[in-house]
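This report describes how two protein chains meet in a model.

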Amino acid sequence: MFGWKGKILRVDLSQGSCLVEDTPLGLARDYIGGRGLGVKVLFDEIDPRVEALGAENKLIFATGPLTGTGAPAGGRFIVVSKSPLTGAIANSCCGGYFGAQLKFAGYDLLIIEGKAPEPVYLSIRSEEVAIKPAGHLWGKWTTETEALLKAEIKQKFDIWEASDTSIVSIGPAGENRVRFACVMADGGRAVGRSGVGAVMGSKNLKAITASGRGEVAIADSEGFKKAVMDFLEEGRENKELEKRHMWGTWSLPGRANKTGTQAALNFQTGYFKPFEVFEDPAFIRDNIRVRDEACFGCPFACSKRSRIKDPDYPGTTKGPEHETMALVGSNCGIGDLDDICRANYLCNELGMDTITTGATISCAMELFESGYLPEKDTGCPLNFGNTASMFQLMKETSRRQGFGDLLADGGYAVAEKYGHPELFMGVKKQGMPAWHPQGIEVIGLQYATSNVGACHTKATLPMYEGRKDPAHHVEWTKQDQDALAVVDSCVLCWIIYHGPLWSEKPLVWLRAVTGVDYTADSLALIGERIWNLERLFNLKAGLSGKDDNLPPRITDEPRVNNQVVHLDRMLPEYYRWRGWDESGIPTPEKLLQLGLAGKAGAK
Amino acid sequence: MKIKVDYTRCTGCKLCEVACSLQHTGTVNPWRSRIRVFITEEYCLPVIAGPYTEAACNSKGVRVIDGREFDECVLCRASCPVKPIFKEPDTQIPLKCDFCGEPPDPQCIRWCATEALTLVDE
Ligand code: SF4
Ligand code: SF4
């Protein structure tokens with residue numbers, strides 16, 4: 001077998017059992033892996049109405065056929081579950097080495113089910129799989145958790161084993177079921193969105209260590225080698241490799257701000273003066289960068305390890321990426337680079353999604369400044385730009401202490417409690433990321449219709465060649481969403497492969513690695529199948545077309561570039577392109593075409 | 001001819017491990033690669049497999065280069081009895097860099113996007 005390992009590791013924490021099963025290969029072909037195979041397994045194995053933080057929910061760590069092959073920018077893995085933040089499907093992705101190590105250990109999927117009676121961690125060394133006590137790790141921040149586990153590995157085995165082992169863990173936020181807790185990986189990477197860290201915490205699972213000594217077989221290894229080398233050659237020539245390597249996402253905050261499309265002050269505006277300094281991304285790189293840090297098999301190495309000169313924030317972390325800089329920065333009225341790094345550091349250590357953390361706090365800040373949220377409730381003055389209050393509340397949130405207990409349920413819960421749900425800037429209860437939709441209208445449609453709620457990883461900017469003509473934006477939205485579902489299933493990196501960017505490559509890598517005769521058309525169909533299955537999951541979980549919406553600030557109040565987002569005009573057209581009825585439900589004909597006929601959730 | 005390693009340019013992408021493994025085995029398995037990349041928070045260090053030595057040395061210590069401390073056992077290129085790397089995982093047969101054949105055509109260099117690895121005449 002090529003690409004896929006053909007094995008699934010199923011860990012039942014209630015029973016304390018670890019079983020190895022065969023990967024159903026027909027399904028693997030039809031859903032590829034990663035996000036696609038993950039949602040297929042989840043849909044078949046749980047009732048989407050289950051309590052997301054209950055033992056019945058499952059947490060699936062999914063690799064794809066390209067994971068661990070060296071397919072350029074193929075270093076990510078996906079976590080699929082039901083989200084405790086949105087109640088919808090979760091399919092968050094993360095880079096680093098964990099996916100590759102899981103694959104070398106021999107597994108396409110790791111399915112976690114049940115709930116451990118006591119805190120545990122899972123150790124995977126190829127076939128040696130063990131559930132171990134984690135009492136000594138509970139309550140620890142994420143990098144300390146990793147460091148303790150690495151020290152144990154080094155002592156028990158050797159220094160190379162410790163270097164090779166990749167670790168994912170949750171921080172206090174996941175343990176305390178903060179609804180936007182993330183799973184952290186490799187010392188600062190995040191499976192960020194949808195609160196999958198809270199699901200892991202609800203299972204009493206603190207961490208997973210993975211390393212393997214197996215291989216990934218390649219169907220056409222000569223063809224694969226040549227295709228990758230040509231790609232690298234081209235990237236050297238046109239300087240794409242160097243550009244992304246140099247700046248990563250740090251080229252974006254200044255650019256977005258300059259064009260007035262940067263989330264600022266809870267999306268009240270698209271421009272934030274202190275962000276002008278970021279128009280030169282070298283300012284960021286020169287001040288905080290420690291080293292460029294690639295994911296497994298990625299020649300772009302866009303992510304950066306960073307450090308600030310503040311003894312209260314020792315060591316290093318990863319980022320802040322553009323989304324983080326926007327949400328905990330400009331959107332909270334914070335422009336100082338060190339302060340943004342502090343917020344990023346705390347989120348990473350406590351194990352909270354930087355985007356939703358920013359969205360939640362900025363929402364509370366606006367409620368506070370508008371006089372709806374009294375200081376006696378927050379316990380501190382919560383005006384925009386108040387970093388001391390922000391850092392304190394972040395820590396309280398991770399412990400569900402004081403006002404943090406409410407913040408831990410997310411911005412929507414806060415806004416609703418104080419009578420102004422319209423002031424929460426999100427979709428399906430998940431905060432919107434960095435790009436202000438009033439600057440780029442079609443991004444609004446992409447946020448509104450995303451199966452996981454507003455998300456940066458499911459959107460394609462219309463600035464690229466081949467995506468500019470507004471007459472086609474709705475059509476392309478559907479097409480690009482489906483293409484991203486394929487990218488997330490391979491698993492490739494959405495940052496490199498989205499919209500028209502290297503869009504023909506996933507097919508090239510997949511064919512060479514798996515030997516399956518995929519075509520551009522068959523991949524488009526698979527992407528659409530995955531998107532629709534996620535939609536069915538959501539419908540069954542209780543969501544509806546009404547949840548494909550945007551905050552009224554975005555659709556009704558022209559705040560940025562004098563624009564509003566005409567969702568009422570775009571949505572019906574989008575449903576038509578999707579082959580859904582006017583209330584957003586896939587038609588039986590569409591489901592038949594996708595091989596999903598008879599699935600519950602459809603009328 | 002030598003492969004020069006500039007670890008300060010290395011991003012830890014491990015494409016060199018992939019290239020070497022593909023070249024020698026047709027599959028991807030870092031443990032069968034003749035080059036391994038040691039990852040730390042501050043830096044990544046590519047190490048290329050040198051000759052096999054029968055006996056483990058006892059000079060393990062710390063080497064300071066440019067003010068940074070390195071574990072000598074990690075820096076060392078030998079495949080030796082006490083080291084886990086540079087051995088076939090199944091047979092424990094030692095691995096050694098062969099410059100990818102004759103004439104030399106180091107695949108690791110061709111896959112390294114950052115020029116952390118370069119070929120120098122010497
Ligand atoms: S030159 Fe060839 S054999 Fe030597 S480390 Fe590089 S890829 Fe491996
Ligand atoms: S390919 Fe180059 S940058 Fe990547 S790990 Fe190897 S030496 Fe480092």
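## Salt bridges and polar contacts

Between chain B and chain A there are 3 salt bridges, a salt bridge being a side-chain nitrogen of Lys or Arg within 4 Å of a carboxyl oxygen of Asp or Glu. In one salt bridge, the side chain of E42(B) meets that of R307(A) at 2.9 Å, N to O.

Polar contacts link 18 residue pairs between chain B and chain A, both residues at pLDDT 80 or more. A polar contact is a pair of N or O atoms within 3.5 Å; within protein, one must be able to donate a hydrogen and the other to accept it, and residues adjacent in sequence count only if both atoms are side-chain atoms.

## Basis of the model

The model is predicted: local features need pLDDT of at least 70, side-chain atom pairs count only at pLDDT 80 or more, and totals for chains, interfaces and linings use all residues. Residues are numbered from 1 along each chain as its sequence is written, chains are lettered from A in the order in which they are written, and side-chain values use heavy atoms, without hydrogens or water.

## Extent of the interface

In total, 38 residues of chain B contact 41 residues of chain A (heavy atoms within 4.5 Å). The two chains bury about 3300 Å² between them, 60% of it on carbon and sulfur atoms; this is the accessible area (1.4 Å probe) lost on being put together, summed over both. W31(B), E41(B) and W111(B) supply 18% of the area that chain B buries against chain A, more than any other three residues.

## Strand pairing

Strand β13 (residues 216-217) of chain A pairs with β2(B) in the antiparallel sense over 2 bridges; strands are DSSP runs (E, at least two residues), numbered from the N terminus, and pairing requires at least two DSSP bridges between them. V28(B), in β2(B), is the bridge partner of V216(A).

Note on methods
Helices (H or I, at least four residues) and strands (E, at least two) are DSSP runs, numbered from the N terminus.
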